[in-house]
Amino acid sequence: MANAKQKITLNASRDIPFNKLILSQANVRRIKNGQSIEDLAASIARRGLLQSLNVRAVLDGERNETGMFEVPAGGRRYRALELLVKQKRMAKAQPVPCVISDANSEVSIEEDSLAENFQREDLHPLDMFRAFQTLHAQGASHEEIAGRFFVSATFVQQRLRLARVSPKLLDVYEQDGMKLDQLMAFTVTDDHMRQEQVWEMLQNSWSQEPHQIRRMLTETSVRASDRRALFVGVDAYVAAGGIVLRDLFEADNGGWLQDPTLLDRLVGEKLRAGADEIAAEGWKWIVVDVDLPYGHAQGLRSLTGTFVDLTDEERASREALRNEYDEIESRYGEADELPDEVDRRLGEIEEALQQLENRPMIFDAAEISRAGVFVSIDRDGGLLVDRGHVRPDDEAPEPVESDGAGADGHNADEPGADIRRTTITIGAQPDEEDDGEGDAIKPLPERLVIDLTAHRTLALRNALAGNPHVAMTALLHRLVLDTFAQRSSTGCVEASVRHVYLTAQDADLKDSPSAKAVADRQEAWKADIPFGNDEALWTWLDGLDEASRLALLAHCVSFGINALYERVNPYGAGVSQQGLQQRLREADRLARATGLDMVDAGWRPTVDNYLGRVTKARILEAVREGAGERAAQLIDHLKKPEMAKEAERLLADSSWLPEPLRLTGDEHPVVQPDAGGGEDETLPEFLVDDEEDTSAAEADEPVQPIAAGREVRCGRGVTFQGLASGF
């Protein structure tokens, strides 16, 4: 008969007075980790002791029980009970539920302590999320839950938000198919369908980082820090039924506005309301848009008005504010950091002083009747109003039935004096950000660098098409990399040139000599190539002489040239920093190999393509390098529009190029101050003194024409002459 297995016997449990318990020195937990003793004591006071203490009887020298018990496991609970006794919230002799281990057991007391701490399994985060959700459903507020478990209300809100993620994604997280920080990223939207779509798309993506998830979930939304959102106000957007997405786990700068269409409608309505108010001042026309294009006032005459003087009360207020500002600065001048209230007060003073300095301007009533206004939004979300511009067609004065002396605070004649209605135009082209002015040399605007490198890309294509040897080398270089490097490809032959289209370009790129040369060469070849029959095309190509074959090869390869500067995209789509650097290095190599010189290619600095789009410091730097220090000194007192126009004249016959158009490592030779001496170093009389008649200052200065380009060969012996053009 088989022996029956011996059954285990569980340790007995009983209540032991607290003053009969002592903390064992055999407890393996020595380092504080997790909930504080104070929080645990508060939890016991609210809920009672949820878990018994593990104790052993204390023996004397003869191995007899002394009536005391030591606690090898549950030391934190013991200290929490001890704290409650000290706080007189629990009696010293309060019975404590204990599990008593055999003092003579073969299992050591240290092993008991280690087993209780080691074998314990922490609560899965998803179980915590769902438990918080249950408590919240039972009526507990975020603050109440936070108070019960000694965490912040934000912590509770975050966990509740996690519990509202799509159940399908929660199941993925439960099965360890997703990390917690990825799950957090999905909380920026409550749209379960969109969450699941993004997760499905990420399965085929190499990038599954949280920032990529957030970007995909909010790519059709508008940031609350966008100037349109600042202009309308998030409260007004929400009041109109808009939804704001918030990220509780990352700084989101106010979140994302989910309905761009609604936002644009509110922006348009508010801009139109502002334009209607300005129209009451009597202006002939108003152009309104969120962004106004660079140079929107180019070619228009600006009215000269007079600022409204400060009243005595305003002067006294300004003086008081300045004195308060000076006093605060002297008091805290040596402090490393200002107190919050002091810093806030300084900001208020600065804003008040700025409002006092920004005085309204009075214009002549007759001028207002033929002038206009540009209305847009500044980068801080404020209404930007640029009054007083006259179009050339409106220069002839129109009769105005008014004898008013002027417009007070932007107003025109008395109401009813001019019955013509203001023409309001909504919409214009996107603006380029204004880099501001100052003496410091600032980086070139990104859009300007893109436009300049578009010129270089087109010129480089033209240069490569005229140099079959370099074109062949470039193509072989690409093919060798494709052949011997570990690259995956499809099809039978994967050697190709992808035509790179220049989506970003300035207005004069299409009329540049390089553009005309490329277009003429393209048309010449198209006239010869037999399209529509693949066999006929093969036969025609096979029958070309070697020079024509190389010329056609160079022409085709040139369309794959891309020397364009682009914004680096850290999220995987678009060009990487490494890819951009490699592109520009190879562009330099091709430029050196073809002997490309952007001056010979027809590029000249003009107001439109460079000088009008950079700061005054940049303009002076260009003139200093291209025409000499003396020339720079002659124009350094001018306002920016006149400075840019005069710099164009001074640099017309120079070989000066901005950095993006130079070869890497090449520095532009700086003209010495005593160089030259020709008439280009003398300013026209109307620019010598800013105080002279403004109408003369507006006269157009003749521009030096660019010399005609050299003869260029195109296609099968076709030639054309580069055109002379003036910028």
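How many cavities of 30 Å³ or more does the count come to? Two. Keep that in mind while you get your bearings; this is a predicted model, and the tour starts with the whole chain.

**Stop 1: the whole chain**

Show the protein chain as a cartoon and you have 27 helices and 17 strands to look at. Colour by burial next: of the 727 residues, 38% are buried.

**Stop 2: the largest cavity**

Now back to the opening question. Rolling a probe the size of a water molecule over the atoms shows where empty space is left. Select His455, Ser512, Ser514, Ala601 and Trp603: of the 12 residues lining the largest cavity, these lie nearest its centre. The space inside comes to about 70 Å³.

Which elements give two or more residues to this lining? Highlight helix 17 (446-465) and helix 19 (513-528). Helix 17 provides the largest share, with three residues. Colour the lining by residue type and you get eight nonpolar residues and four polar ones, with no charged residue among them.

**Stop 3: asparagine 27**

Jump to the loop between strand 2 (21-23) and helix 1 (37-47), and pick out asparagine 27. Is asparagine 27 buried or exposed? Its relative accessibility is 9%, so asparagine 27 counts as buried, the cut-off being under 20%.

To see what surrounds asparagine 27, leave aside its neighbours within four places in sequence and select its contacts: Val71, Pro72, Ala73, Gly74, Gly75, Ser113 and Asn117. Then draw a C-alpha to C-alpha distance from asparagine 27 to leucine 114: the two are 87 residues apart in sequence but 7.7 Å apart in space.

**Stop 4**

Select residues 372-377, which make up strand 13; six of its six residues are buried. Turn the strand to check both faces. Gly372, Phe374 and Ser376 are buried on one side, and Val373, Val375 and Ile377 are buried on the other.

Strands of a sheet pair through backbone hydrogen bonds, either parallel or antiparallel. Strand 9 (residues 285-288) runs parallel to strand 13, with four bridges joining them. Strand 14 (residues 383-390) runs antiparallel to strand 13, and here six bridges make the join.

Follow the chain from strand 13 into strand 14 and you trace a hairpin, with five residues between the two strands. Which residue in the turn has a positive phi? Click on glycine 381, where phi is about 90°.

**Stop 5**

Last stop: select strands 6, 7 and 8. They form an open sheet in the order 6-8-7, with antiparallel pairing. The edges are strand 6 (222-223) and strand 7 (244-245), each of which pairs on one side only.

Look at strand 7 against strand 8 (residues 256-257): two bridges join this antiparallel pair. To finish, show the side chains of leucine 245 and tryptophan 256; leucine 245 stands opposite that tryptophan in strand 8.

Note on methods:
Residues are numbered from 1 along each chain as its sequence is written. This is a predicted model: local features need pLDDT of at least 70, side-chain atom pairs count only at pLDDT 80 or more; totals for chains, interfaces and linings use all residues. Side-chain values use heavy atoms; hydrogens and water are left out. Buried means under 20% relative accessible area, exposed over 50%, partly exposed in between (1.4 Å probe, protein chains only). On a 1 Å grid over the protein atoms alone, a cavity is a set of points where a 1.4 Å probe fits but cannot get out, and a pocket is an open set with protein on both sides within 12 Å along at least five of seven lines; lining residues have an atom within 4 Å of a point. Grid points are joined across faces, edges and corners, and a volume is the space filled by probe spheres set on the points. Ala, Val, Leu, Ile, Met, Phe, Trp, Tyr, Cys and Pro count as nonpolar, Asp, Glu, Lys and Arg as charged, and the others, Gly among them, as polar. Contact means heavy atoms within 4.5 Å. Two strands pair if DSSP finds at least two bridges between them.
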